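Good morning, colleagues. Please take a moment with the sequence and the model on the screen before I go through the packing of the elements.

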Amino acid sequence: MISIKGVTKKYGDKKALDNVSFEVKQGEIFAFIGHNGAGKTTLIKSICGILDFDEGEIQINGKSIKKEPLECKRVMAYVSDDPELYEDMKAISYINFVCDMYGVPADVRERNIRHYAEMFGMENELNNTIKSFSHGMKQKVALIAALAHEPKVLIMDEPFVGLDPKAIFDMKEVMRNIVKEGGTIFFSTHILDMAEKLCDRVAIVKKGQLIKVGDMKKIKGDKSLEKVFLELEAKQ
Amino acid sequence: MSQLTSLLKAMMSGGLKLFNYQAKTEGSKRIMPLVLGALIGMAMLVSASTITTELALDGAQSAILSLYTLIVTMIIAMEGSYKAGDLLFKPRDNDMLLAMPIKRSTIVLARMIKFYVFEMVYCLIFLLPAIIAYAMNAEVGMSFWLVAATMLVLIPAIPIAVACIIGLIISTVSGRFKHKTFLQVTLSIAVMFATVGFVLFFNTTTDSDGQSLVMISNAATEYYYPATTFVKLVKHFDILEYLVFVAINLAVVGLTALLIGRFYFKITSRLGAANQTEFTNNKYSFAKHSQTGAMIRKEVTKYFNTPVLLVNTAMGLVFFIMAVGILCFKFDELVNSMIDSVEDFPLTADQVRSFLPGVIFAMVAFASLLTCITATMISLEGKAFNVLRTLPISGRRVLISKVLASMLLILPVTLSGCFVMFFRFQFGILEAILVLIGAIAMPLVTELIGILINLKYPRFDADNDTVVVRQSASVMAATFLGLGMVLFTISLTFGIVFLTGQIIGLTILDAVYVILALFLYLALATLGEEKYTKLVA
């Protein structure tokens with residue numbers, strides 16, 4: 001579970017996040033949407049412990065990311081929109097490196113890496129260096145590395161950018177399986193159709209402020225999420 | 001022209017940011033560059049003034065100008081030749097610029113100008129003090145200052161053109177082979193040794209007649225056009241000769257850009273050909289490692305895949321290996337020639353041999369204090385630093401792993417060299433232990449300083465690895481600090497050993513370095529970790 005309470009982040013005088021509060025419950029897929037520069041990546045980086053925030057509190061499964069960052073990170077995985085990985089490493093070395101950081105036993109990592117590599121069509125590619133991969137392949141490596149240690153909380157920033165249609169389909173299945181087993185998924189996206197079909201709950205952010213949060217069905221009602229989003233954007 | 005101006009504006013916008021601070025908020029970060037700049041400036045001015053005063057006794061003070069012109073030229077040519085390839089052909093914005101309607105020679109010219117502006121720092125460090133020292137020792141008029149200012153700007157032109165052409169050759173040759181990195185490193189080291197060999201040959205030739213400084217400067221004035229013109233124009237200003245000099249230097253840069261522009265597309269395409277899948281199998285290793293072990297493996301992989309870092313940091317170690325070899329095989333010959341050539345040499349061959357532990361200590365100091373790998377290790381993470389921040393590993397462990405990885409790269413070389421010397425010259429156990437303690441403590445101090453400096457001045461947004469390794473504040477600070485420590489330690493080694501004897505002298509030096517290492521470790525574990533948690537790529 002992710003709990004965000006009164007989080008404010010300033011860059012100089014500008015508030016990138018302004019008193020943002022909401023919860024992402026265990027076993028749900030939660031979409032975080034907003035226009036470019038609304039504060040999505042800032043919040044995601046704050047949740048993952050990359051970025052410090054000025055006020056408020058973020059907890060992962062009841063533990064504070066500020067006070068117990070390592071405990072929080074042990075149950076969490078992060079996939080960025082721009083897969084900046086260690087380019088000089090072979091893909092398998094990179095995935096093993098991430099697994100080493102989480103202390104994943106050899107048999108567990110072998111099973112998971114082979115499973116996800118096959119799912120994403122990368123089973124014969126992992127001995128190549130990451131710099132030889134396309135953007136989409138790098139994104140797949142990042143996803144395999146994130147999933148190999150069986151995270152309880154998966155946080156993703158635009159995870160579908162660069163993925164091919166089959167990988168997107170498979171990734172959606174993976175996400176459903178993770179929450180079925182009690183995991184939590186929080187991700188940002190601009191693909192509103194997908195968010196509408198995939199997610200249980202949604203939060204909409206604008207200029208650092210939360211303008212709507214709740215169940216997907218209640219928020220969109222009879223309309224599409226896209227329409228609701230555009231109306232909210234125009235109103236505020 | 002407007003295309004070039006716009007291109008330069010874009011390229012310069014972040015590329016020359018050395019000490020990355022904002023004017024109002026990070027005032028403390030200004031102290032280090034100011035102190036460092038003042039110290040280097042003072043040291044260079046004192047050294048140039050001393051030489052000029054000596055030269056002025058013979059009325060040859062203008063020799064300082066040709067001498068320092070030559071020094072700047074050699075430094076830029078040598079240092080530039082192994083980074084030019086990466087700076088010209090491997091920046092991140094290549095694809096974007098090649099997709100635009102810009103002439104390739106314009107792209108090359110813009111990259112060369114950016115490279116040029118950075119290399120002018122050597123003119124400021126070496127040539128400016130020489131100019132001031134000359135002005136203090138001679139009567140100078142307005143024309144002198146015009147010539148001096150022009151030289152400060154134009155002296156890098158020829159060495160940069162040479163460096164770019166060498167970079168072009170290295171990139172062209174290595175681009176044709178599968179193991180591009182290996183070939184690039186080998187060729188770069190070969191060029192570096194060729195340059196050092198040339199300098200040594202030049203020095204030996206001129207040294208034979210004594211008065212080496214005057215001889216070198218005379219040779220420079222005679223054979224090297226910029227040095228010749230500099231001295232000529234200072235002595236008798238001639239507007240025509242001045243304009244011809246400016247035109248020739250501008251033409252050299254322009255023509256080099258045109259030449260490289262012709263090959264630019266082919267080379268970038270060949271270097272980009274690495275982007276092809278090479279292995280297609282599913283035989284993988286899934287062995288588990290500790291967090292520290294995994295971090296060290298990552299750092300070592302990065303080190304061996306970053307040619308410019310390898311070449312940059314291997315220099316001290318390669319010289320160390322060469323010195324060990326020379327001492328092992330030519331020791332008696334060296335000592336005898338030293339005793340023969342120096343009148344009233346105060347020591348016998350046996351006495352010189354008894355000072356060997358101190359000599360090896362000084363050699364290790366030279367090799368390890370000049371090899372600072374950690375000064376780049378945080379910056380080289382680039383944007384992937386954010387990935388590291390999301391992993392469940394403490395900042396302290398990350399930082400210590402980086403120091404350990406560097407030690408793992410340095411120690412096998414320095415310790416092997418020490419052991420070879422111990423067996424060859426049959427050292428006593430106590431002397432051997434004292435040298436070994438120093439051989440571990442000195443690189444540890446350097447690497448701890450390097451990582452602390454890189455924490456203070458990280459650079460995650462560099463165009464490529466070469467910019468981090470050769471053009472970042474962190475590396476410059478670590479290099480100058482290392483040079484200072486080398487000079488300090490070597491003079492202290494001989495001073496203390498001579499005054500107190502071998503055992504006491506080496507014990508004092510070991511104690512200094514061990515205490516320093518402990519102090520720096522504590523700083524890394526406390527302040528360092530605090531700083532680490534605030535860094536964002």
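This is a predicted model: local features need pLDDT of at least 70, side-chain atom pairs count only at pLDDT 80 or more; totals for chains, interfaces and linings use all residues.

I begin with helix 1 (residues 40-48) of chain A, which lies across strand 3, strand 6, strand 7, strand 8 and strand 9 of chain A and runs at about 150° to strand 7 of chain A. Residues are numbered from 1 along each chain as its sequence is written, while chains are lettered from A and ligands numbered from 1 in the order in which they are written.

Some terms, briefly. Helices (H or I, at least four residues) and strands (E, at least two) are DSSP runs numbered from the N terminus. Two residues are in contact if their C-beta atoms, placed from the backbone, lie within 7 Å. Axes are lines fitted to C-alpha atoms, for helices over the stretch in contact, and angles run from 0 to 180 degrees between N-to-C directions.

Helix 6 (residues 165-180) of chain A lies across strand 3, strand 7 and strand 8 of chain A, at about 140° to strand 8 of chain A. These strands belong to an open sheet of 6 strands in chain A, with the order 6-7-8-3-9-10 and mixed pairing; two strands pair if DSSP finds at least two bridges between them. Its edge strands are strand 6 (76-79) and strand 10 of chain A, each of which pairs on one side only. On average, neighbouring strands of this sheet are turned by 15° against each other, direction ignored.

Within the sheet, strand 3 (residues 29-34) and strand 8 (residues 184-188) of chain A pair in the parallel sense over 4 bridges. Ile29(A) has Ile185(A), in strand 8 of chain A, as its bridge partner. By contrast, strand 9 (residues 201-206) and strand 10 (residues 209-215) of chain A pair in the antiparallel sense, over 6 bridges. Here the bridge partner of Ile204(A) is Lys212(A) in strand 10 of chain A. Strand 9 and strand 10 of chain A form a hairpin with 2 residues between them, and Lys207(A) in the turn has a positive phi of about 45°.

Strand 1 (residues 2-11) and strand 4 of chain A are joined in the antiparallel sense over 5 bridges, and Ile2(A) has Ile60(A) of strand 4 of chain A as its bridge partner.

Where does Asn19(A) lie? Its place is in strand 2 (residues 14-24) of chain A. Asn19(A) has a positive phi of about 55° although it is not a glycine. With 14 other C-beta atoms within 10 Å, Asn19(A) is partly exposed; the cut-offs, with C-beta atoms placed from the backbone, are 20 or more others within 10 Å for buried, 12 or fewer for exposed, and in between for partly exposed.

As to confidence, chain A averages a pLDDT of 92, and 100% of the residues score at least 70; pLDDT is the predictor's confidence in each residue, from 0 to 100.

Turning to chain B, the axes of helix 14 (residues 307-341) and helix 18 (residues 395-425) of chain B come within 10 Å and cross at roughly 10°. That makes helix 14 of chain B roughly parallel to helix 18 of chain B, the term covering angles under 35 degrees, with over 145 counted as roughly antiparallel, 65 to 115 as roughly perpendicular and the rest as oblique. Residues in this contact include Phe320(B) of helix 14 and Val413(B) of helix 18 of chain B.

Finally, the contact between the chains takes 33 residues from chain B and 34 residues from chain A. Helix 13 of chain B gives the largest share of the side of chain B that touches chain A, 5 residues.
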